[in-house]
Amino acid sequence: MKAALLERELELAALEAGVEAALAGTGTLVVISGPVGVGKTELLREAQRSASQRGLRVLTGWGSALEHELPFGMVRQIFEEMLVRATEQDRAEWLAGSAGEVKAVLGQGIEASGKSIGEFAVLHGLFWLTSNLCQSGPVAIVLDDLHWADEPSLRFLAYLLPRLQDLPLLVIVGARENELTASSHLLDVIMNSSVGEFFSLTPLSERATSIYLEKSLGRGCESGFVTACHSATGGNPLFLFELSRVLRAQGVAPISANSVQVLNSGGRALVHRVSHELRRLAANDVRLVEAIAILGAEANLPNLTQLTGLNPSEAAQGIDVLEKAQLISPDPFHTREEVFRFTHPLVETAVYSLIDRIRRIELHSQAAQMHTAAGLPADRAASHLLRLPQGITSPSINTLRQAANKALAEGSPEAAVTYLRRILIEPAAQDERLTLLTQAGMAAAQFDLSLAIFFLSQALAFTEDPIVKAPIAGTLGLALLFTQQPKSAVEVLTGVINQLPPGEEKRRALEAALLNVPMVTMGWEYLFQRIPDLRRLPPASTVNAAMLDCIIAAHDTYVGEYGGLTAARQAFARPEVRVAASRGSFLLQSGCWALVVGDPDEGIHTFDAVIAEAHADGTPVALLISHLYRGLGWLRRGDLTEAETDLCEAKRLQDLTGMSLASPVISGLLAEALLEQGRLTEAEEALRKAQISQPLPPVGFFFYYLNSASQLLYAQGRHGEALNSALEAGRRFSASGGRNPAVIAWRSGAAMCLQALQQNREALKYATDELDSARIWRAPYALGRALRITGLLTPGLSGLELLRKAVTVLQPSSARLEYAKALLALGSSLRRSNNRAQARPYLTQAISLASACGAAPLAEEARTELLIAGYHVHELTKIDALTPSEARIADLAARGLTNPQIAQHLFITVKTVEGHLSAVYRKLEITGREELGGAV
């Protein structure tokens with residue numbers, strides 16, 4: 001009997017249910033957490049056995065305190081051995097399509113191209129490798145000690161989980177509570193996933209302790225003895241197991257009189273036992289167990305024999321000895337690929353700590369040399385070099401540098417920083433200290449702004465050359481800004497700008513970063529006074545010039561100067577600008593955002609190109625911003641399903657990257673999309689999940705959030721609170737120079753609140769102010785909305801005329817939802833003035849448009865108006881009922897693409913494609929794919 005499985009009925013049932021779900025084609029996550037020794041590992045082993053017996057392909061991985069710096073270390077454990085053992089045909093099928101992008105990461109033809117792999121491409125490729133595996137049968141991935149996992153592996157798992165339910169895949173993870181050596185935000189994402197079941201293991205009861213002791217000791221136990229054992233071990237199954245071993249070995253009778261002897265052993269039994277076993281081992285076996293502790297996830301027979309100098313027969317005999325001593329886990333067969341593991345992480349920790357320090361350094365040094373000589377990737381040797389004290393040789397420094405470059409090429413900036421920090425403690429690194437500090441700072445900027453500031457501040461102080469300082473200052477300034485240090489950001493940026501020659505091209509990027517300060521921070525509007533001089537700079541075709549053009553275009557969009565969009569348009573016509581935007585330059589993406597505000601169709605098309613680049617060779621942060629603002633474009637068009645899809649993807653990417661600055665924008669726009677669909681409860685939840693602190697910090701994009709909060713409060717009838725939120729949105733927007741209602745129409749929102757509060761004169765003033773600004777900007781969405789709201793607040797024929805103008809302005813535009821609102825407003829006004837025949841076509845068209853947009857409340861309001869007018873309601877045409885996503889998937893299917901090909905082309909899952917096609921068949925009233933060509 002295993003103590004760890006006592007009183008675990010709920011957990012075992014959940015694991016069995018997960019196996020059943022995978023067999024039925026549905027993915028499940030089961031998380032087992034608890035303190036050390038409480039039984040997580042044993043439960044995972046039981047789940048592994050059960051899944052394997054039921055026919056699931058079982059893949060395993062585990063975290064290690066000694067290896068959490070190794071990028072994709074856990075991912076490699078999951079997939080590498082399987083790929084090595086696979087047939088050529090299976091390997092080709094599993095690595096087909098997008099999965100082929102991860103060959104380098106998983107050691108399949110690694111150093112062939114030397115080409116860097118986009119961070120997102122790696123994540124997506126790993127997902128498709130998993131998906132391809134699942135096509136040949138259900139899979140279980142069992143991951144132990146997740147709290148020690150490397151960051152890139154955690155990022156993959158966080159990317160996988162939202163897509164889990166579409167796969168026949170059971171993911172089981174074990175994690176130790178309150179020991180988060182890995183990224184806490186990624187662990188939080190995983191541990192709080194909505195697709196999972198979570199169990200926090202508690203110690204065994206005294207009753208379970210009694211049951212186990214009686215089975216273990218082979219006789220009944222007196223209550224005082226049981227109480228002492230339970231007290232000594234705290235009900236911890238591992239400690240109880242070790243204590244019972246000691247009691248059996250010492251022949252201690254299970255009677256109450258021996259309680260004192262029990263209490264003196266307790267939880268120390270494990271360490272004592274490991275120390276005792278090591279003293280009993282022969283010299284060869286000690287060398288072997290030390291090598292297993294040093295090599296960790298690479299402790300297979302070839303590596304063990306090479307590190308210890310034992311021959312394979314001696315090593316195999318030693319493995320048997322270690323298994324019988326219960327130091328390493330037993331296995332029915334030994335292969336060259338098998339990795340030997342300790343029975344528990346505490347055993348590994350105990351063995352490692354008992355190795356003499358000099359001996360430990362010698363073994364790590366030998367392991368690093370062994371990996372280098374074998375021609376393995378540099379990060380394999382680097383993981384051992386990290387354990388060595390100061391004073392490593394130049395070849396070792398070169399290995400660490402290669403490992404850092406490899407980590408950056410594979411989208412693992414965290415590992416790169418770890419390797420670079422290790423180099424920086426060496427005196428030999430002084431000659432290239434500036435390069436190392438800069439590289440570490442730029443890498444850290446991708447995941448930890450405070451750490452980036454630490455490195456880049458040192459780098460900036462290390463040189464007097466302003467040309468060298470420029471790129472350092474650009475990144476440092478933005479890092480300071482987004483850690484709520486705008487004053488320091490301005491000082492850094494202006495300091496280097498003033499040192500650069502007037503015609504120096506690098507000044508443009510720094511000026512762009514400086515202009516970003518007042519756009520996201522209150523109190524720095526005076527910096528906009530630089531813009532007239534910057535406009536007079538001669539044209540240039542560099543990315544830095546495009547960056548400045550884009551930020552000026554964003555400023556012009558804020559203030560409502562439509563002509564500023566020309567520069568953004570010209571910038572994104574150039575492929576190199578789209579590539580730079582896809583790799584994380586949000587200053588460039590501000591130009592895309594301006595295009596969305598100017599013309600949603602143009603902005604969506606531009607973001608399509610950036611997203612395509614980011615999928616191939618870009619970053620999750622670039623994708624986050626692109627999905628976010630493309631979602632804004634869909635929202636302004638009125639394609640609410642598309643908007644929700646993009647914004648939810650942005651939210652998933654925000655969880656993945658930890659980019660908290662995006663949270664209020666995502667939540668605000670998502671809430672607006674949900675409100676338009678009539679989903680008030682979900683909109684309220686979206687805003688709540690943003691977890692906005694009060695009072696609002698000075699740095700951040702909060703006006704979208706505040707404006708959406710106002711809309712929600714208005715829909716709930718809380719008009720006074722809605723007015724306050726709208727005014728605060730306007731105050732923050734105006735503090736950044738914002739006047740353009742196409743960005744946020746806060747004045748018209750405030751006007752509707754004031755009307756509800758019976759303050760009609762003030763309401764009309766806000767509405768007409770917005771109309772004046774919208775006429776300057778001229779874009780149909782903002783002008784049509786302003787005309788509609790002003791028309792609704794203006795009595796008589798003058799109001800009716802404004803509503804007619806709103807319809808005229810919006811009719812040729814792509815702003816379908818706002819057009820539907822204008823049609824409804826005009827039709828309702830005509831119906832109330834007893835012009836029912838004139839009202840009918842407007843109301844009928846409003847129903848059709850609102851239904852196509854997915855705006856159910858608006859469609860229902862128009863239906864009610866039409867019925868009051870005495871007319872019947874007509875249904876949508878079939879083709880109008882398709883959402884843009886459904887139409888796009890139907891088109892690809894009609895061209896002959898298979899469901900997996902469509903899924904990889906659109907970066908969605910096969911099950912999502914199947915769901916969309918089912919909806920297409922239903923809406924078009926066809927039976928299958930063969931009829932799509934004629935129907936679409």
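**Salt bridges, backbone and packing**

Modeller: The count comes to 52 salt bridges, a salt bridge being a side-chain nitrogen of Lys or Arg within 4 Å of a carboxyl oxygen of Asp or Glu. This is a predicted model, in which local features need pLDDT of at least 70 and side-chain atom pairs count only at pLDDT 80 or more, while totals for chains, interfaces and linings use all residues. Residues are numbered from 1 along each chain as its sequence is written, and side-chain values use heavy atoms, with hydrogens and water left out.

Biologist: What does Arg-85 pair with?

Modeller: With Glu-81, in a salt bridge of 2.6 Å from N to O. Both residues lie in helix 3 (residues 73-85), 4 residues apart, about one turn of the helix. Helices (H or I, at least four residues) and strands (E, at least two) are DSSP runs, numbered from the N terminus.

Biologist: Is Arg-85 buried, exposed or in between, and what about Glu-81?

Modeller: Arg-85 is partly exposed at 43% relative accessible area, and Glu-81 is partly exposed at 29%. Buried means under 20% relative accessible area, exposed over 50%, and partly exposed in between, with a 1.4 Å probe and protein chains only.

Biologist: Which residue does Arg-245 form a salt bridge with?

Modeller: Glu-277, with the closest N and O atoms 3.5 Å apart. Arg-245 is in helix 10 (residues 237-250) and Glu-277 in helix 12 (residues 269-280), so the pair ties together parts that are 32 residues apart in sequence. Arg-245 is buried at 18%, and Glu-277 is buried at 7%.

Biologist: And Glu-672, what is its partner?

Modeller: Arg-636, the closest N and O atoms being 3.0 Å apart. That pair links distant parts of the chain, from helix 34 (residues 663-676) for Glu-672 to helix 32 (residues 620-637) for Arg-636, 36 residues apart. Both Glu-672 and Arg-636 are buried.

Biologist: Backbone next. Where is the cis peptide bond?

Modeller: From Gln-694 to Pro-695, with omega near -5°. Pro-695 sits in the loop between helix 35 (680-689) and helix 36 (703-715). Most peptide bonds are trans, and most residues other than glycine have a negative phi.

Biologist: What is phi at Phe-72 and at Asp-145?

Modeller: Phe-72 has a positive phi of about 60° without being a glycine. Asp-145, also a residue other than glycine, has a positive phi near 55°.

Biologist: Where are those two found, and are they buried or exposed?

Modeller: Phe-72 is in the loop between strand 2 (57-62) and helix 3, and is buried at 2% relative accessible area. Asp-145 is in the loop between strand 3 (139-144) and helix 6 (151-160), and is buried at 3%.

Biologist: Last topic, packing. At what angle do helix 27 and helix 30 cross?

Modeller: At roughly 40°, with the axes of helix 27 (residues 543-559) and helix 30 (residues 586-598) coming within 7 Å. Axes are lines fitted to C-alpha atoms, for helices over the stretch in contact, and angles run from 0 to 180 degrees between N-to-C directions.

Biologist: What is that orientation called?

Modeller: Helix 27 and helix 30 are oblique to each other. Angles under 35 degrees count as roughly parallel, over 145 as roughly antiparallel, 65 to 115 as roughly perpendicular and the rest as oblique.
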